[in-house]
Amino acid sequence: MSNLKKFIEGMPKAELHLHIEGSLEPELMFSLAQRNNITLPFSSVEEVRAAYEFSELQDFLDIYYQGMGVLQTEQDFYDLTWAYLTKIHSQNVIHTEIFFDPQGHTDRGIPFETVIGGIHKALQDGQSKLGISSHIIMCFLRHLSEEAALETLEQALPHKDKIIGVGLDSSELGHPPSKFERVFARAKQEGFLAVAHAGEEGPPEYVGEALDLLKIDRLDHGNRSLEDDALTQRLVSMQIALTVCPLSNYKLAGVKDMRKHPLKKMLDKNLKATINSDDPAYFGGYMNENYLAVFDALDLSKDEIMTLAKNGFNATFCNDAQKTEMLAQLESFESQWT
Ligand code: ADE
Ligand code: ZN
């Protein structure tokens, strides 16, 4: 293995774009199905993996919503989150900001409290037992109505202490950020930070709406921003970070050849790009695999790898003292590297 690959694997990292339901590995899916007496439409783990062939975002979303059906109890959400934490611990991720999709569960009759309770308990254990700090971001499903999102926001208010921000995910095309302008205004009033998926499949105009109407603090994906120079310059001058997800872009066919991934262009244009895994159980890799995929395909330098890792820490929703402390860990790792 090249030296730089070991550097990538060993360096401390932050993850900022991770759907916890997208970390459900087929093995856990089967054991939870058994525990909850649910029959899956697959007969083996291999069959599940073979079904993970997607030609666009919606293909993935259909199977992702089906998969999360095995999550029923608080213990299930705990086990899901704990499995993710132990995995990223082995990859030297020291801070993570995870999304969850409450409507994917409440619409199946699972109480909001069950979901947030299990996730939050596991994250607390992640801090005390693994030293991983974390935040929770609650996403609204954009294919559902504004009214449903407002209801979900109300359900979240008693748990404000556990949730740092709101996000927007699911089927992008045909569901522009403008649909949720009032929801995000209300969320901001309540003190939540804001992020949104935009420019993953949708046009650059959706990114503009996310900035202007949703007042986002960070942009999820944002790949298609590059089609609009003025928008790109705006993102640079606003120092808005982009949570880029290389293997997701590849698996969902936005990027057909990893050598054509826009990450290098983003860095060259001084966009604050970061590396993340999105839905690692479905797209074939956690943080290290995502870093290594772009490192190999784009021939990134050590300086570029360091820039990506620093961007990650700078773009967290942590206070300045914690950011400084995490950046110092990264620099100390680099200085000890031979
Ligand atoms: N939900 C989970 N992963 C997603 C993605 N990549 N885009 C939109 N919604 C999602
Ligand atoms: Zn995502």
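Predicted model: local features only at pLDDT ≥ 70, side-chain atom pairs only at ≥ 80, totals over all residues.
Residues are numbered from 1 along each chain as its sequence is written, chains are lettered from A and ligands numbered from 1 in the order in which they are written, and side-chain values use heavy atoms, with hydrogens and water left out.

**Helix pairs**

Two packed helices are described by the angle between their axes and the distance between the axes. Helices here are DSSP runs (H or I, at least four residues), numbered from the N terminus. Their axes are lines fitted to C-alpha atoms over the stretch in contact, and angles run from 0 to 180 degrees between N-to-C directions.

Helix H10 (residues 204-212) and helix H11 (residues 229-238) cross at roughly 35°, and their axes come within 11 Å. Contact means heavy atoms within 4.5 Å. On the H10 side, Pro-204, Val-207, Gly-208, Leu-211 and Asp-212 meet Leu-231, Arg-234, Leu-235 and Met-238 of H11. These residues divide into six nonpolar, one polar and two charged. Ala, Val, Leu, Ile, Met, Phe, Trp, Tyr, Cys and Pro count as nonpolar, Asp, Glu, Lys and Arg as charged, and the others, Gly among them, as polar.

Next come H8 (residues 146-156) and H9 (residues 181-189), which pack at an angle of about 15° with their axes 9 Å apart. That makes H8 roughly parallel to H9, a label for angles under 35 degrees. H8 passes H9 in a right-handed crossing.

H16 (residues 302-314) and H17 (residues 320-335) pack at about 160°, with their axes 9 Å apart. They are therefore roughly antiparallel to each other, the label for angles over 145 degrees. The residues of their contact divide into six nonpolar, one polar and five charged.

**Around ligand 1**

Which residues surround ligand 1? Among them are Leu-57, Phe-60, Tyr-64, Ser-170 and His-221, each with a heavy atom within 4 Å of the ligand. The table lists polar contacts, which are pairs of N or O atoms within 3.5 Å.

| Ligand 1 atom | Side chain (N or O atom) | Distance |
|---|---|---|
| nitrogen | His-19 | 3.3 Å |
| nitrogen | Glu-200 | 2.7 Å |
| nitrogen | Asp-279 | 2.7 Å |

Conventions: Helix = DSSP H or I, 4+ residues; strand = E, 2+ residues; numbered from the N terminus. Parallel < 35°, antiparallel > 145°, perpendicular 65-115°, else oblique. Left-handed = near helix turned anticlockwise from the far one by under 90°. Polar contact = N/O pair within 3.5 Å; in protein donor to acceptor, adjacent residues only side chain to side chain.
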